[in-house]
Amino acid sequence: MARTPSRSQGNRATIHDQKLERGKGGELHQIAEGDSPVLTTAQGGPVSDDQNTLKIGPRGPALIEDFPFREKIFHFDHERIPERVVHARGYGAHGYFETYESLAKYTRADIFQRAGEKTPAFVRFSTVAGSKGSFDLARDVRGFAVKLYTREGNWDIVGNNIPVFFIQDAIRFPDLVHAVKEEPDRAFPQAQSAHDNFWDFISLTPESMHMIMWIMSDRAIPRSFRFMEGFGVHTFRFVNAKDESTFVKFHWKPKSGLQSVVWNEAVKINGADPDFHRRDLWQAIQSGDFPEWELRVQLFDQDFADSFDFDVLDATKIIPEEILEPIPVGRLVLDRMPDNFFAETEQVAFMTQNVPPGVDFSNDPLLQGRNFSYLDTQLKRLGSPNFTHIPINAPKCPFQNFQQDGHMAMRNPVGRVNYEPNSFGEGPRESPKRGFRSFAEAEEGQKVRLRAESFADHYSQARLFFNSQTPPEQRHIAMALTFELSKVETPVIRERMVSHLLNIDEGLAETVAEKLGLGELPEPADAAVAPRDDLEPSPALSIIENGPDRFAGRKVGVLVSPGADAALLKKLQTAIEKEGAVMEVVAPKVGGVEAADGSWIEGRHMIDGGPSVLFDAVALVLSEEGAERLTGEAAARDFVADAFAHCKFIAFTSGALPLLQKAGVDPEADEGLIALDDPRTIPGFIESCRKLRLWSREMAVKL
Ligand code: HDE
């Protein structure tokens with residue numbers, strides 16, 4: 001009787017071939033005699049045939065008693081859990097946090113008591129609006145959620161890569177999220193804020209204007225998770241052993257500097273590699289180039305809070321770093337990818353209310369609302385109050401309580417006593433000394449639904465942000481607003497947005513209005529508090545001002561052709577790797593090309609699969625004949641034209657000239673084009689690359 005052959009048929013081990021071995025705990029392990037262990041059901045029963053269902057005869061009806069089949073399909077049918085309602089698309093990694101010095105003066109949190117203390121960590125980066133299967137380079141905020149497995153329980157800093165938020169009160173969150181997600185009747189657009197509902201909501205929500213400046217800036221299209229900042233956003237408290245409180249804001253600073261892509265590039269990356277950010281983190285960690293951030297804290301007391309221009313409880317405001325310097329207190333290193341994406345990254349449950357003794361909340365109304373939401377959402381998503389039994393969510397310190405039962409309970413109290421106090425002297429008891437004590441802030445007032453007057457200035461910090469950007473960054477904000485609003489079909493929404501922009505920067509409003517073809521400028525929006533123009537710009541807010549001083553962690557794509565100079569390529573590679581960067585070869589065929597000296601150059605990408613948008617800089621190591629041949633290929637022309645348009649540094653051998661010409665790039669256009677025939681030019685190329693982009697080219701290419 002014919003059977004579909006299975007992988008190991010012929011030499012498949014049967015149950016009779018098995019040796020049974022007793023483990024240390026007395027359990028029986030099955031081991032195979034052959035090369036692989038025997039497949040079993042979830043109940044541990046060995047499976048004889050995993051390719052054919054049980055039937056009456058080879059063509060006959062299937063039998064309901066086929067329990068291995070029933071179990072397999074049952075489990076498959078239940079593989080999905082609800083995706084996160086926001087931040088559905090994410091990617092995580094393990095690592096550790098290392099404390100620099102004791103912060104005992106400010107906090108009794110155990111994690112900050114000893115210099116050099118290492119605490120295991122898990123971090124999940126995410127986009128907000130798109131579904132789990134959306135692309136990485138959406139224009140969006142990035143989640144930056146850190147779980148620190150401290151000796152006093154899990155501490156989650158559930159932050160973003162932007163230090164402010166759209167709204168001031170948690171009650172507006174469902175509306176914000178409904179507005180940004182796909183429109184409910186048509187179910188599009190996916191992972192985009194460029195649509196009517198979002199801008200309608202925003203244009204009716206002046207408190208969003210500061211955040212709008214950030215998400216229209218290059219912060220919303222980071223080059224890599226590794227090159228972005230993270231922020232706790234809200235004001236928290238540190239509380240020391242004497243129960244004294246200090247306000248604190250958390251900042252993660254990437255060691256490799258900040259870097260973003262340009263919008264035209266982001267759009268193309270989404271097509272070329274929708275997993276661009278995931279792949280980047282995966283490759284960096286797998287190759288041992290561990291990304292690192294420094295944790296810095298802004299510490300302040302009530303007097304500072306009272307004298308500061310804005311309310312420190314208002315999550316739409318920052319405290320500029322130039323006014324209150326963030327102090328380095330430790331570093332976060334990511335050095336290990338999860339073994340399994342679902343088990344760890346998908347099931348990890350972050351909660352703002354996970355704080356250790358010594359860290360406490362402020363009255364920020366957004367934070368207070370979040371403290372409610374995150375527990376609720378875990379029950380929905382993970383399906384059981386026992387989600388803390390999942391290894392990624394379980395504390396790594398000893399823990400004990402009398403919680404019991406419930407779906408999927410993995411741990412129940414042992415013994416007779418499951419309550420306290422009890423007379424048997426069994427089980428854990430509370431510890432007033434070591435336990436979490438809320439800071440005893442004196443509160444009084446009437447029960448009201450009111451927004452504090454001190455939250456009313458919606459434009460001044462939006463203006464501060466815009467004024468702190470370099471000219472290219474300001475242009476990008478104008479272009480992003482124009483793009484987004486051009487997708488809005490309802491003219492009055494576009495107009496309303498321009499009326500807000502007039503309160504932020506007149507030039508910006510005029511540029512956007514002109515590019516939208518708005519005709520007449522509207523009146524500025526009514527401002528509850530007149531926007532201030534006396535705030536000093538904050539250079540810390542610019543990405544370009546805070547780039548890397550090395551090209552380390554970045555990637556050069558080298559386009560090669562048959563007859564290329566292998567010795568030159570080798571020297572280029574050595575120099576790139578010495579800088580801590582990576583070189584990848586793009587060839588007409590992925591198999592590679594034969595170099596002029598007869599050696600073989602392996603390809604990493606075929607030209608169609610390795611567009612220049614995937615790289616931070618490019619080099620064209622081509623023979624003239626090879627370049628001539630490539631002029632006929634659109635992908636090769638785009639490789640060059642895009643690298644130029646995206647203001648990247650381009651090194652080229654003289655053989656590459658025909659391709660440059662065909663791509664419309666003048667080899668002498670600017671200092672970003674670097675002749676490469678002589679290996680002595682390589683250090684100059686690398687040095688240029690450290691600047692990442694030649695922004696002065698941007699006006700010429702008019703992206
Ligand atoms: Fe969240 N947010 N959020 N959020 N948030 C969630 O929790 C919520 C806000 C942030 O990688 C949800 O587990 C409310 C600010 C991150 O798993 C949910 C409000 C900031 C992540 C939720 C906010 C964030 C979430 C959905 C307004 C930056 C992903 C799934 C008061 C400081 C964590 C989940 C991960 C996830 C609620 C606003 C960051 C529904 C009600 C502000 C990084 O609980």
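**Before you start**

This is a predicted model, in which local features need pLDDT of at least 70 and side-chain atom pairs count only at pLDDT 80 or more, while totals for chains, interfaces and linings use all residues. Residues are numbered from 1 along each chain as its sequence is written, and side-chain values use heavy atoms, with hydrogens and water left out. Helices (H or I, at least four residues) and strands (E, at least two) are DSSP runs, numbered from the N terminus.

**Stop 1: the core**

Select Phe166, Trp199, Ile212, Met213, Ile215 and Leu481. These residues have the most contacts inside the largest nonpolar core, which has 65 residues. Such a core is a set of buried Ala, Val, Leu, Ile, Met, Phe, Trp, Tyr and Cys residues joined through side-chain atoms within 4.5 Å; buried means under 20% relative accessible area, exposed over 50%, and partly exposed in between, with a 1.4 Å probe and protein chains only. Now color the helices that each supply at least two residues of this core, among them H2 (173–180), H3 (196–203), H4 (209–215) and H12 (491–501). Which helix gives the most to this core? It is H4, with six residues.

**Stop 2: H3 and H12**

Next, show H3 with H12. Their axes are 9 Å apart and pack at an angle of about 40 degrees. Axes here are lines fitted to C-alpha atoms, for helices over the stretch in contact, and angles run from 0 to 180 degrees between N-to-C directions. H3 and H12 are therefore oblique to each other; angles under 35 degrees count as roughly parallel, over 145 as roughly antiparallel, 65 to 115 as roughly perpendicular and the rest as oblique.

Contact means heavy atoms within 4.5 Å. By class, the residues of this contact divide into four nonpolar, two polar and three charged. Ala, Val, Leu, Ile, Met, Phe, Trp, Tyr, Cys and Pro count as nonpolar, Asp, Glu, Lys and Arg as charged, and the others, Gly among them, as polar.

Stay on H12 a moment: its buried residues, including Arg494 and Ser499, pack against H3, H4, H11 and H13.

**Stop 3: H2 and H3**

The axes of H2 and H3 come within 7 Å and cross at roughly 145 degrees. Asp175, Leu176, Ala179 and Val180 of H2 make the contact with Asn197, Phe198 and Phe201 of H3.

**Stop 4: H14 and H18**

Now select 566–578 for H14 and 682–689 for H18; the two axes come within 10 Å and cross at roughly 40 degrees. That makes H14 oblique to H18. Leu568, Lys571, Leu572, Ala575 and Ile576 of H14 touch Ile682, Phe685 and Ile686 of H18. This contact has seven nonpolar, no polar and one charged residues.

**Stop 5: two loop residues**

Is glycine 130 buried or exposed? Glycine 130 is buried, with a relative accessible area of 0%, and sits in the loop between strand E4 (118–127) and strand E5 (142–150).

Finish at threonine 41, in the loop between strand E2 (28–31) and helix H1 (67–77). Threonine 41 counts as buried at 10% relative accessibility. Leaving aside neighbours within four places in sequence, threonine 41 is in contact with Val47, Pro68 and Glu71.
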